[in-house]
Amino acid sequence: MSPSDHAPPRLTLASGPGPMPAEALAALSLPLVHHTDPWFQQFYADQSQRLARLLSVPEPPVLVQAEAVVALEAAAASLVAPGDRVINIASGHYGRFFGLWLARHTDRVVTLSVRDDQVPDPRDLALLLQQYPDTTLVSMVHCETPSGTLLPIAELAAVARAAGALVLVDAVASVGGMPVSIVGDGLDVAVLGLHKCLAGPPGLTPVAISPAAWRKMAANPNAPRASILSLLDWQGADDTATPFPFTPSVLEVYALSGVLTAWEAEGTAAMIARHHRVATSTRAAAHHAGLTLFPADPATCCDAVTALRLPVGVDERSLRADIRARDGLWLAGGEGILKGAVLRIGHIGQGAVAEMAVQAVEAIVAALDRAAPDWRSRPLQVPEQASRQF
Ligand SMILES: *Cc1c(COP(=O)(O)O)cnc(C)c1O
């Protein structure tokens with residue numbers, strides 16, 4: 001630990017969570033109450049309704065009382081019955097994870113694999129669906145934050161739906177920062193994240209669920225019940241007449257109310273435009289500084305993070321520690337097979353501010369100059385692909 005590690009960083013530009021809006025901090029000072037109190041039940045219902053309006057979905061999303069991975073596991077467990085044929089798009093770290101969660105519930109998981117620096121071609125999904133016409137579910141990640149890529153989910157979802165499959169999307173990192181049209185694109189299950197572009201806390205995860213997906217869960221004898229992984233237990237929890245199955249995360253619900261206030265004040269379109277503007281200027285600054293983007297095609301970059309390749313002999317972890325010690329700035333590193341090789345500037349939520357992201361590029365260049373003065377002439381690291389999953 002360096003001496004500066006004994007205090008929080010001055011600035012976090014990582015992949016979420018990061019600083020929350022003032023409205024969310026203020027909401028946390030509401031008194032902690034018992035969850036059966038009528039005021040709290042109404043408060044919970046109100047936040048659920050506001051969320052439904054902001055997402056333009058007819059039914060309030062279920063609020064999974066845990067971070068996003070729990071909600072993703074819950075979705076896999078609830079939607080997949082033994083023997084179901086499912087197609088998983090393994091587009092990167094989270095896509096591969098999802099394949100593991102699916103495989104716990106059926107032995108008929110078909111994988112559409114793509115290199116981490118690329119995005120899938122919807123035509124390849126169409127071919128796979130022709131080969132496996134009994135597919136009940138297609139799962140995909142929208143924004144693969146570890147790779148910095150954005151998948152064409154509207155096109156992929158259209159192909160899946162045309163084949164009669166349900167569509168499940170990990171939209172944890174995209175909602176609030178990139179356009180997500182849950183009803184328009186026919187997404188049956190969309191798992192959101194509050195702690196990415198929406199700048200909320202990581203302990204509560206909204207999941208938007210279509211009537212067809214609810215029917216599939218209700219018909220699945222193995223769908224979890226009386227469990228942290230149950231979505232069915234929480235169906236209708238926003239109805240003030242229905243008791244909660246167990247104690248919700250009251251403080252996280254308070255913070256959610258503040259997140260929604262900030263979201264409503266800025267507006268979805270303005271928030272998405274802000275993320276796009278900052279991502280565009282960060283990519284331009286990185287390019288200008290001689291850094292190389294990790295995604296092979298810049299047109300496939302997401303607006304949540306700028307993922308950068310590093311020269312041979314430079315480790316992302318020591319570079320970030322150096323930047324934190326010198327500049328008080330905490331960046332994100334690589335995950336899974338990209339650990340050590342890919343460095344990321346997160347420009348999400350309160351961090352989606354152009355000046356901050358440009359500062360990050362300058363800090364990275366200065367740290368590279370310290371670590372390897374000849375870094376510009378070194379070849380770039382090639383992350384190991386496929387030989388190891390995580
Ligand atoms: C952040 C993220 C998650 C959830 O991971 P956490 O451990 O809850 O942060 C899931 N999927 C994607 C694509 C993400 O970016």
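Q: Where in the fold is alanine 199 found?
A: In this predicted model, alanine 199 is in the loop that runs between β9 (189–192) and β10 (205–209).

Q: Is alanine 199 buried or exposed?
A: Buried means under 20% relative accessible area. Alanine 199 comes in at 7% relative accessibility, so it counts as buried.

Q: What about alanine 226: where does it lie, and is it buried or exposed?
A: Alanine 226 lies in the loop between α7 (211–218) and α8 (250–266). It also has a positive phi, of about 50 degrees, without being a glycine. Exposed means over 50%, so alanine 226, at 76% relative accessibility, counts as exposed.

Q: Which two residues are joined by a cis peptide bond?
A: Again, the general idea is that most peptide bonds are trans. In this model, glycine 16 and proline 17 are joined by a cis one, with omega about 5 degrees. Proline 17 is in the loop between β1 (11–13) and α1 (22–27).

Q: What does the side chain of threonine 106 pair up with?
A: To read a polar contact, look for N or O atoms within 3.5 Å. A polar atom of the threonine 106 side chain lies 3.4 Å from the backbone nitrogen of glycine 83. For the backbone nitrogen of arginine 108, the distance to a polar atom of that side chain is 3.1 Å.

Q: Where is threonine 106, and what does it touch?
A: Look in the loop between α4 (93–103) and β4 (108–113). Leaving out residues up to four places away in sequence, threonine 106 touches Val80, Ala81, Pro82, Gly83, Asp84 and Val86. Its relative accessibility is 5%, so threonine 106 counts as buried.

Q: How many residues are in the largest nonpolar core?
A: The general idea first: in soluble globular proteins, nonpolar side chains tend to be buried together. The largest nonpolar core here has 82 residues, and Leu79, Ile89, Val138 and Trp263 have the most contacts inside it. Take valine 138: among the residues it touches, beyond four places away in sequence, are Ile87, Ile89, Leu125, Leu129 and Val167. There's also a second, separate core of 26 residues, and that one includes Ala285, Leu329, Ala360 and Ala363.

Q: How is the protein divided into domains?
A: Domain 1 covers 11–18 + 266–372, and domain 2 covers 29–257. Their C-alpha centres lie 27 Å apart. The contact takes 26 residues from domain 1 and 27 residues from domain 2.

Q: What area do domain 1 and domain 2 bury between them?
A: The size of an interface is often given as the accessible area lost when the parts come together. For domain 1 and domain 2 that's about 2,000 Å², with 65% of it on carbon and sulfur atoms. On the domain 1 side, Ile272, Thr300 and Glu335 supply 22% of the area buried against domain 2, more than any other three residues.

Q: Which element gives the most to the side of domain 1 that touches domain 2?
A: That's α9, with four residues. The elements giving two or more residues to that side are α9 (268–288), β12 (305–309) and β14 (342–346).

Technical notes: Residues are numbered from 1 along each chain as its sequence is written. This is a predicted model: local features need pLDDT of at least 70, side-chain atom pairs count only at pLDDT 80 or more; totals for chains, interfaces and linings use all residues. Side-chain values use heavy atoms; hydrogens and water are left out. A nonpolar core is a set of buried Ala, Val, Leu, Ile, Met, Phe, Trp, Tyr and Cys residues joined through side-chain atoms within 4.5 Å. Buried means under 20% relative accessible area, exposed over 50%, partly exposed in between (1.4 Å probe, protein chains only). Contact means heavy atoms within 4.5 Å. Domain bounds come from an automatic or database domain assignment. Buried area is the accessible area (1.4 Å probe) that two parts lose on being put together, summed over both. A polar contact is a pair of N or O atoms within 3.5 Å; within protein, one must be able to donate a hydrogen and the other to accept it, and residues adjacent in sequence count only if both atoms are side-chain atoms.
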